[in-house]
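Colleague: I would like to learn how to read this model. Please take the features one at a time.

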Amino acid sequence: MKRVVTALLFASAAFTVPMGVCMAEDAKLAPIADYVKSDVKPWLNDPAIIEAIKAQDAANAKLSEADIDALDKKWRAEVDGSDHAMIDGVLGNALSKFLQEKKESSGGKITEIFVMDAKGLNVGQSDVTSDYWQGDEAKFQKSFGAGKDAVFVDEIEKDESTQTLQSQASVTISDDAGTPIGAITIGVNVDAL
């Protein structure tokens, strides 16, 4: 996700709500949440997503903050460097292929997708993100951190790289028992809705 946000185009406050709650109080962001509910939510329980998150949650269970920082630092170095082993490993996994297909089949409505584990680390993604750890960002804290069925729709901004108006919507992903295991962030092209 190489993007530089140049302008906040609406003064709308971002919000977190349980899935299905009426969001009429913010007319500019409600269509984004509606799109996520109708077009994205149906595939969030796909085994490709659930099993990939569970596997990474198990593998990363004992990571310390220092370990997470080191992984994030390595990822950031790869974004700007010539060695892309870590990035290629994530972009080449089965979940990333699944997310790339979802993005391609959205008819331009989705600009990017990435799935995070319970620590906020990328599990799979449609495009390269600028960092590997999302756990310190609102997209993770206000979805996964808010619990089961949380949806966080961020403010609408202009994406410099695509010249589109977009918002990121983030949703908590839960296992069959209803326990939150990770989150997903979907970049939504507002002009395509």
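Modeller: Start with a hairpin: E3 and E4 form one, with 5 residues between them. Gly120 in the turn has a positive phi of about 90°. Helices (H or I, at least four residues) and strands (E, at least two) are DSSP runs, numbered from the N terminus. This is a predicted model: local features need pLDDT of at least 70, side-chain atom pairs count only at pLDDT 80 or more, and totals for chains, interfaces and linings use all residues. Residues are numbered from 1 along each chain as its sequence is written, and side-chain values use heavy atoms, leaving out hydrogens and water.

Colleague: How many bridges join E3 to E4?

Modeller: Two strands pair if DSSP finds at least two bridges between them. Here 3 bridges join E3 (residues 110-116) to E4 (residues 122-125), and the strands run antiparallel. Val115 stands opposite Gly124 in E4.

Colleague: How many aromatic pairs does the structure hold?

Modeller: Rings of Phe, Tyr and Trp (its six-membered ring) pair if their centres lie within 6.5 Å; planes under 30 degrees apart count as stacked, over 60 as edge-to-face and the rest as tilted. The structure holds 3 such pairs. One of them is Trp75 with Tyr132, stacked at 5.2 Å centre to centre and 25° between the planes. Trp75 lies in helix H3 (residues 65-80) and Tyr132 in the loop between E4 and helix H6 (138-141), so the pair ties together parts 57 residues apart in sequence.

Colleague: Is Trp75 buried or exposed?

Modeller: Buried means under 20% relative accessible area, exposed over 50%, partly exposed in between (1.4 Å probe, protein chains only). Trp75 is buried at 0%. Tyr132 is buried at 8%.

Colleague: Which residues touch the most other members of the largest nonpolar core?

Modeller: Nonpolar side chains tend to be buried together in soluble globular proteins. A nonpolar core is a set of buried Ala, Val, Leu, Ile, Met, Phe, Trp, Tyr and Cys residues joined through side-chain atoms within 4.5 Å. Of the 29 residues in the largest one, Trp43 and Ile184 touch the most other members. Helix H1 (30-40) gives the most to this core, with 5 residues.

Colleague: Where does pLDDT stay under 50?

Modeller: pLDDT is the predictor's confidence in each residue, from 0 to 100. The protein averages 87, and 85% of the residues score at least 70. Over residues 1-13 the pLDDT is below 50. It also stays under 50 over residues 17-25. Where pLDDT is low, the predicted coordinates should not be read in detail.

Notes:
Contact = heavy atoms within 4.5 Å.
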